Amino acid sequence: MKPTRSGQGAPASPTTTRTMVLWCPDWPITAALREHLLSAEHPVALIEKGEVFTCSPSAREQGVKRGLRLREAQTRCTSLTVLPYDPALDARSFEPVIAMVEKIMPGVQLVRPGLCALHAKGPARYYGSEERAAAALLKALAAIGLTAARVGIADSPFAAEHAARATEFGDDPGTDSIWIIPPGETASFLSSFPLEVLEEPTLAVVLRRLGIRTLGDFAALTRADVRNRFGAEGALAHLKASGLDHHSVVERKPPAELDVVVHCEPPLARIDELTFSLRLSAEKFVDRLREAGLVCTVLVVQLQSESGEESVRLWRHPRWFDADDVLDRVRWQLQGSGDVEHGLSSGISRVQLLPETVEDLSDHADGLWGTGPDENIHHGLARVQSMLGHGAVLTAMVAGGRMLTDRRVFIPWGDPPSEAAAKSRNLPWPGQLPGPAPATVFDEPRAVQVLDSTGSTVDIDERGLLTAVPVTLVAAPPRQSAISSWAGPWPIVERWWDSNGRSLNRFQIVDESGTAWLLLLVDHRWWAEASYD
Amino acid sequence: MFQAAPAGSTPQGARRALSAVDHAGDKARLKAELQSKINGMQNSRPSSRRLPTVPVLAGILPGGGLQAGAAYSVANSTTLAMALLAGPSGAGAWCSVIGMPTFSVEAAASFGIALDRLVLVPHPGDQWLTVTAAMLDVVSIVLTCAPQHIAPSDASRLMARLRQRGAALVTMGPWPHSEATLSVTGSNWQGLGSGTGHLRSRRMRITARASTGRSRTADLWLPELQHGPWSTSISDPASTSTADAESGQQGFFARSARAS
């Protein structure tokens, strides 16, 4: 290996880093297949913005390719399974692969999901040779079901990546999934590659006009000339082409294990037993975060029962979770799923606490003189919540809608405000109530009676007209009161095309005591929606 | 040090007395200050600190407004309860509504109650007392529908907590220790005919009966209760009392609100 000059910080200093690159071909497809539990032969296409982003080999055989419109792809391959492309899924499902590699070889750099780089020197010395190190890596990945992975080893990450990719075009594709470029031969390996692999389209166009068609031709130019003509970008591309990469392998620091798993043996069927046994773990969870200088603001609680049921819920906190808050969330989640008094349907065997969002402790530190009155509010309301449950303490928003119960949205304390509600408020709602809002809105409309002068119920005919003038209101059954003024019917027809739609008539009525009522007439029956008391 | 204390915390009587003795009255001032503190701790009467109140109601409430540490009961009108909450909420206080699932937040918003500082506990169940006590610790004013039967000892304990925290309690329905009972004694809606129009405004007669037995009434329009014009003077008994309430405590007995 060529001795490297010190001065790693300088971007253009020519260095060689013996690098091993692990490449998993078609990683988005592999990730999607694993996520949706499909067989590897199943034709699958991932769609982004209506076009095929990538597809599985079996789909490719039937003519599906990148950039095809969805309909076109489905015509070519009728059994195609179409899934949306999810970059987060790629990253998430690559995490176990990196963890596996880190188990046997430290210092992994994640280049992108499906591609990672390592220093080759250490593993080569440990396993005896580079071949053996690469074979050990592939063997470890085969153990977690990844058989298609490939390894390339060369003097620079760029060359190693292309060595790994080049295994596909080897003499016997599939069997030999390791390609090792011996030290010093990287430049000659790269020399036959076209300029496109540099991923510098404008530079490639100019070079082609100058008669340069391969990386070898480009590398043959002197470095000083390239720098003078093409500037820093050109110089970097020239370094890559000559097998010297200014990029070194930046080792990833494995993230600290922050989640906590508790196995209950035997499974616990009572909530108080469970929260009691969880207390230590919850404290450990919070302490471990605090040691890392973090606080958890969004928590995922996973509960698994003995019978295999799983309950996963995401909890937010207006400030951050301490151990008591964590226990409260576990309890609320159990109370939501089962009968509180009589324990659970079956015992809980496994509890997992995952910090979904962590923030820096210093952002949430208490001020020297406290953080003002809101802190008290949080503490007080959290106390009430732990008495009554998460959904018992509410804040409210005014939303859009025709019916009064639609026009309010209750949000449990600590949950984020509903964006949909805020948006719907500004829409036009023809048929909404004019004038001042009634102060009392019944959760469920209350049955009332509206009678005419002969004492029979007032109704509406098929033309939407009242059968008689309303004279008497019976709001609380024994007591009758005379109607002094009234208005209506105001018809409201919502979603008439839908069987769940509603059709009703609204009335405003003032009785002799001066109390105003908002009444509904639905299917010949009268209800009180609200009262202006 | 005492110059820096907020003016509202000085008892009104003491302040008036002090203005006469001014510079020689350092000792007297200190004494009065301490005496008022002792009174605040010993006395079963609420402190003289007032919460911001909607002016038309401040005019008829005993003491010229909602007093910190006092309880008020509202007989038959959620609208009136909302008007009581609107003053403190508009001044930035946190409010809480306990045990009232029919409380309309849209109407509350139209009264100027800030919904982001309003906490609702619609169904406290049998833990009403604990929840209300916990809320009184953290918020400035609590509106609640008290259970039918409450033990006198529980009520006194709640009142003690109320005085200690300086919050105000508004109950729907009767409450044993209420400072005043507010009720709507007359209501007349405008805008509705027989089969025509829609509800537009409401003329209300509000009666506040103090625990001493003295009662005052005010006639006003509903929009006036909601969003002013609080400071303009219309030739109307209610708005005259408004002007008086703003001019301060001196005009308390000269107010035109009728005493019966």
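Is A:R502 buried, exposed or partly exposed? With a relative accessible area of 31%, A:R502 is partly exposed; buried stands for under 20% relative accessible area, exposed for over 50%, and partly exposed for what lies in between, with a 1.4 Å probe and protein chains only.

The model is predicted, and local features need pLDDT of at least 70, side-chain atom pairs count only at pLDDT 80 or more, and totals for chains, interfaces and linings use all residues. Residues are numbered from 1 along each chain as its sequence is written, chains are lettered from A and ligands numbered from 1 in the order in which they are written, and side-chain values use heavy atoms, with hydrogens and water left out.

A:R502 forms a salt bridge with A:D406, with 2.7 Å between the closest N and O atoms; the term stands for a side-chain nitrogen of Lys or Arg within 4 Å of a carboxyl oxygen of Asp or Glu. This pair links distant parts of the chain, 96 residues apart: A:R502 is in strand β18 of chain A, and A:D406 is in the loop between β13 and β14 of chain A. Helices (H or I, at least four residues) and strands (E, at least two) are DSSP runs, numbered from the N terminus. A:D406 is also partly exposed, at 31% relative accessibility.

A salt bridge also joins A:D443 and A:R408, where the closest N and O atoms are 2.8 Å apart. Here strand β15 of chain A holds A:D443 and strand β14 of chain A holds A:R408, 35 residues apart. A:D443 counts as partly exposed at 38% relative accessibility, whereas A:R408 counts as buried at 10%. In helix α12 (residues 271-291) of chain A, A:R279 and A:E283 lie four residues apart, about one turn of the helix, and their side chains meet in a salt bridge of 3.6 Å, N to O. Over all chains the count is 23 salt bridges.

Next comes the interface. In chain A, 46 residues are in contact with 43 residues of chain B, contact being heavy atoms within 4.5 Å. The area buried between chain A and chain B is about 3,500 Å², and carbon and sulfur atoms give 64% of that; buried area is the accessible area (1.4 Å probe) that two parts lose on being put together, summed over both. On the side of chain A, A:I377, A:P436 and A:D533 lose the most area to chain B. Two salt bridges are found across the interface. A:R407 forms a salt bridge with B:E106, the closest N and O atoms being 2.8 Å apart. Of the side of chain A that touches chain B, the largest share, nine residues, comes from α14(A).

Chain B has nine helices and nine strands. Of its 260 residues, 51% count as buried. The largest nonpolar core has 60 residues, and B:L57, B:F103, B:L118, B:L143, B:I206 and B:L225 have the most contacts inside it. Such a core is a set of buried Ala, Val, Leu, Ile, Met, Phe, Trp, Tyr and Cys residues joined through side-chain atoms within 4.5 Å. Helix α4 (residues 78-90) of chain B gives the largest share of this core, seven residues. Neighbours within four places in sequence aside, B:L118 is in contact with residues including A:L394, A:T395, B:C95 and B:F103.
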